[in-house]
Amino acid sequence: QNEGDKPRTAVMDCFTVLHKGGAVLWKKELNPVKGNPVNELIKTVLLEERSGEQVFKHETYQLKWKLVNEFDLVFVVVYAGAVTMLLVDDLLDALKNAFVKLFKDSIRAMPSPAQKYDFEKEYQRIMQKHEQKVLDWRNRGQKNFDDTALAKDIRNPNVKREEPKKATKTSKPTSKDTADDDAEEEEDGN
């Protein structure tokens, strides 16, 4: 099966590593991106230091990012706004950690866009692992219909099943409750 034939589980349009100064260190565009949503993120969120935001929406895209202040790096994932990208934070963390680990010595010096960061092989490895994680997440705990309570109810409509008992919260007696109990015992002659 060709790489192009493989179903994509991570619906990411673009991944970019950039320096806070604006230099793009590495970029992978999986689908054509209209306009420049990463530049809008820089102008609208990062330069205005609105870093408390988790997701930036621009036109038809959503962007999630992680900062590495030690190296002044920003890692950005761009994906279609109508899509919920599963486990995007895990993916961003994995890409960020791998990039920093591989290139931390060259990043310590002022990163240059002219410098080549050979991240493609590691990127592909992380994406394959992520896609498997997404598939596992989607398939987790799915029961066969025959194993469900509904199937059992349909097959045996006259059998009453007990409802699971809910745990009741017991309250700790207060000093007033203890005093009331003592008064009742005295009245009973105990």
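This is a predicted model: local features need pLDDT of at least 70, side-chain atom pairs count only at pLDDT 80 or more; totals for chains, interfaces and linings use all residues.
**Entry 1: ground rules**

I number residues from 1 along each chain as its sequence is written, and side-chain values use heavy atoms, with hydrogens and water left out.

**Entry 2: overall counts**

I looked up the secondary structure and found 5 helices and 5 strands. Helices (H or I, at least four residues) and strands (E, at least two) are DSSP runs, numbered from the N terminus. From that end the elements run β-β-α-β-β-β-α-α-α-α.

Of the 190 residues, 31% are buried; buried means under 20% relative accessible area, exposed over 50%, and partly exposed in between, with a 1.4 Å probe and protein chains only. The protein exposes about 13,400 Å², of which carbon and sulfur atoms supply 48%. Accessible areas come from the Shrake-Rupley method with a 1.4 Å probe, and for residues only the protein chains shown count as cover.

I also checked contacts (heavy atoms within 4.5 Å). Among those between residues at least 6 apart in sequence, 53% join residues at least 24 apart.

**Entry 3: the sheet**

What is the strand order of the open sheet? I read 2-1-5-4-3 for its 5 strands, with antiparallel pairing. Two strands pair if DSSP finds at least two bridges between them. Strand 2 (24-29) and strand 3 (55-58) are the edge strands with a single partner each, so one side of each has no neighbour in the sheet. On average, neighbouring strands are turned by 20 degrees against each other, direction ignored. Axes here are lines fitted to C-alpha atoms, for helices over the stretch in contact, and angles run from 0 to 180 degrees between N-to-C directions.

**Entry 4: strand 1 and its partners**

Strand 1 (residues 14-19) runs antiparallel to strand 2 and is joined to it by 5 bridges.

With strand 5, strand 1 pairs in the antiparallel sense over 6 bridges. On that side I found His-19 opposite Leu-73.

Is strand 1 mostly covered or exposed? I count it as mostly covered, with 6 of its 6 residues buried. Cys-14, Thr-16 and Leu-18 point one way, and Phe-15, Val-17 and His-19 point the other.

**Entry 5: helices on the sheet**

In helix 1 (residues 37-46) I list Pro-37, Val-38, Leu-41, Ile-42, Val-45 and Leu-46 as buried. Seen down the helix axis they fall within an arc of 150 degrees, so they line one face; the arc is that of the directions from the axis to the C-beta atoms. These buried residues pack against strand 1, strand 3, strand 4 and strand 5.

Returning to the sheet, strand 1 and strand 2 are joined by 5 bridges. Helix 2 (residues 88-108) packs on the sheet and touches strand 1, strand 2, strand 4 (61-68) and strand 5 (73-80). Its direction makes about 145 degrees with that of strand 5. Helix 3 (residues 120-139) also packs on the sheet, touching strand 1 and strand 2, at about 50 degrees to the direction of strand 2.

**Entry 6: aromatic pairs**

My search of the whole structure gave 11 aromatic pairs. Rings of Phe, Tyr and Trp (its six-membered ring) pair if their centres lie within 6.5 Å; planes under 30 degrees apart count as stacked, over 60 as edge-to-face and the rest as tilted.

Trp-26 and Phe-119 are edge-to-face, at 5.1 Å centre to centre and 85 degrees between the planes. Trp-26 lies in strand 2 and Phe-119 in the loop between helix 2 and helix 3, so the pair ties together parts 93 residues apart in sequence. Trp-26 is buried at 9% relative accessible area, and Phe-119 is buried at 0%.

Phe-75 and Phe-99 have ring centres 5.8 Å apart and planes at 75 degrees, so this pair is edge-to-face. Phe-75 is in strand 5 and Phe-99 in helix 2, 24 residues apart. Phe-75 is buried at 0% relative accessibility, and Phe-99 is buried with a relative accessible area of 0%.

One aromatic cluster holds Phe-15, Trp-26, Phe-75, Phe-99, Phe-103, Tyr-117, Phe-119 and Tyr-123.
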